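Hello,

Here is the structure I promised to pass on. My notes follow below it.

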Amino acid sequence: MSLGSGRCHYHPDRAGLGICVECRNVICVECTTQFEGINRCATCLGKRLEKARRLVARNDWSFGNLFLAALCVLIVFGGLYGLSALLAD
Ligand SMILES: [Zn+2]
Ligand SMILES: [Zn+2]
């Protein structure tokens, strides 16, 4: 697998232009994607974006959970406070 001499892994009829840094497959100009300045094939870029999206989703989820937990604490304490105020009357 040397640069420029191979065939695209996804298009056997096309000349390879570069090598994907992740799967090490030879890829043609159409399959080459530049992301963060690094060559990747469309498949690996898709996987990477999917991973990034999942990471973001997980972050959102934990932040949302934290917010919900704080809200629950507020509601419980607010309820207790209101109840104690009612009982004190
Ligand atoms: Zn790849
Ligand atoms: Zn290709």
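**Findings**

Among contacts between residues at least 6 apart in sequence, 5% join residues at least 24 apart. Please keep in mind that this is a predicted model.

Overall layout. The chain has 1 helix and 4 strands. From the N terminus, the order is β-β-β-β-α. The C-alpha atoms fill a box of roughly 90 × 20 × 15 Å along the principal axes. The radius of gyration is 27 Å, whereas a compact globule of 89 residues would come near 12 Å. Buried residues account for 15% of the 89 in the chain.

H1 covers residues 42-88. Its 47 residues should span 69 Å at 1.5 Å a residue, and the end C-alpha atoms are 68 Å apart, so the two values agree. H1 is hardly covered: its count of buried residues is 1.

The hairpin. Strands S3 (residues 32-35) and S4 (residues 38-41) run antiparallel, joined by 4 bridges. Gln-34 has Asn-39 in S4 as its bridge partner. The hairpin leaves 2 residues between the strands. In that turn, Glu-36 has a positive phi of about 55 degrees.

The core. Which residues make up the largest nonpolar core? There are 9: Cys-8, Ile-19, Cys-20, Val-26, Ile-27, Cys-28, Cys-31, Cys-41 and Cys-44. Take Cys-20 as an example. Leaving aside neighbours within four places in sequence, Cys-20 is in contact with Asn-25, Ile-27, Asn-39, Arg-40, Cys-41 and Cys-44.

Best wishes

Technical notes
Residues numbered from 1 in each chain as written. Chains lettered and ligands numbered in written order. Predicted model: local features only at pLDDT ≥ 70, side-chain atom pairs only at ≥ 80, totals over all residues. Expected span 1.5 Å × (residues − 1). Buried ≥ 20, exposed ≤ 12 C-beta atoms within 10 Å, placed from the backbone. Pairing = 2+ DSSP bridges. Core = buried A, V, L, I, M, F, W, Y, C linked by C-beta atoms within 7 Å. Contact = placed C-beta atoms within 7 Å. Rg over C-alpha atoms; globule rule 2.2 N^0.38 Å.
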